[in-house]
Amino acid sequence: MRKTLTRAAASIAAVGAIGAGTLVAAPQAQAADPGDLQIIGGVNCTFKAWGPNWSDGPQWQMHRWMGVTNLGDFTMHKVTVTEFGGPTKWVPASKALKTKVGDLKPGQTATLFSTKWKGCWPSSISGYTISEQVENPLNNAGFWQNVRRAAPKGGDNEKIVEPPKADTSDK
């Protein structure tokens with residue numbers, strides 16, 4: 001009986017020592033920093049020379065665009081950009097970066113709205129971005145405008161819509 005009590009006491013002491021060592025060795029739990037999506041965009045009016053999109057000569061063109069950049073330290077999921085008064089678009093998947101639709105890796109940029117027009121006139125683009133994670137909301141909405149006027153060659157305003165694309169550069 002005495003031998004059994006000695007073994008039991010030794011077992012309890014060993015379990016207590018292991019438990020205490022585990023508590024001492026465990027690091028403090030820390031929550032991950034929130035992500036940080038930033039809306040980007042612009043309305044630019046520039047004079048373009050001959051090029052693949054302009055077969056009728058050099059002229060003024062206006063480029064309206066909007067997208068999102070992940071300034072945070074981890075991948076954001078279910079990222080969308082919504083144009084005020086317009087559609088909501090998901091960040092496209094990227095085979096090069098091995099991401100799914102809606103995923104935006106740290107440092108990655110996705111341009112979801114991009115429209116070019118012949119000529120320039122007062123125009124604007126505005127919208128916001130959001131994801132499923134908690135993040136800094138202070139840079140999630142934006143507004144950009146153009147006030148310059150420049151008539152297109154021939155007087156016809158023609159629109160060119162470019163498909164959404166994700167930046168596949170390694171950052």
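Predicted model: local features only at pLDDT ≥ 70, side-chain atom pairs only at ≥ 80, totals over all residues.

Mentor: Let's start with Trp60, which counts as partly exposed because its relative accessibility is 22%, and the cut-off for buried is under 20%. The ring of Trp60 pairs with that of Phe47: the centres are 5.6 Å apart and the planes sit at 75 degrees, an edge-to-face arrangement. Phe47 belongs to strand E1 (residues 37-48) and Trp60 to strand E2 (residues 59-70), so this pair ties together parts that are 13 residues apart in sequence.

Now for another pair, Trp117 and Trp121. Their ring centres are 5.6 Å apart with the planes at 80 degrees, so this one is edge-to-face too. Trp117 comes out as partly exposed at 22% relative accessibility, and Trp121 is partly exposed as well, at 24%. By the pairing rule, the count for the model is 3 aromatic pairs.

Next, the cysteines. The structure has 1 disulfide, and it links Cys45 with Cys120 at an S to S distance of 1.6 Å. The torsion about that S-S bond is about 115 degrees, so the disulfide is right-handed. Cys45 sits in strand E1, while Cys120 is in the loop between strand E5 (109-118) and strand E6 (123-130), so the bond ties together parts that are 75 residues apart in sequence. As for accessibility, Cys45 counts as buried at 16%, and Cys120 is buried too, at 4%.

Key
Residues numbered from 1 in each chain as written. Heavy atoms only, no water. Phe/Tyr/Trp six-rings, centres within 6.5 Å; stacked < 30°, edge-to-face > 60°. Helix = DSSP H or I, 4+ residues; strand = E, 2+ residues; numbered from the N terminus. Buried < 20%, exposed > 50% of the residue type's maximum accessible area, 1.4 Å probe, protein only. Disulfide = S-S within 2.5 Å.
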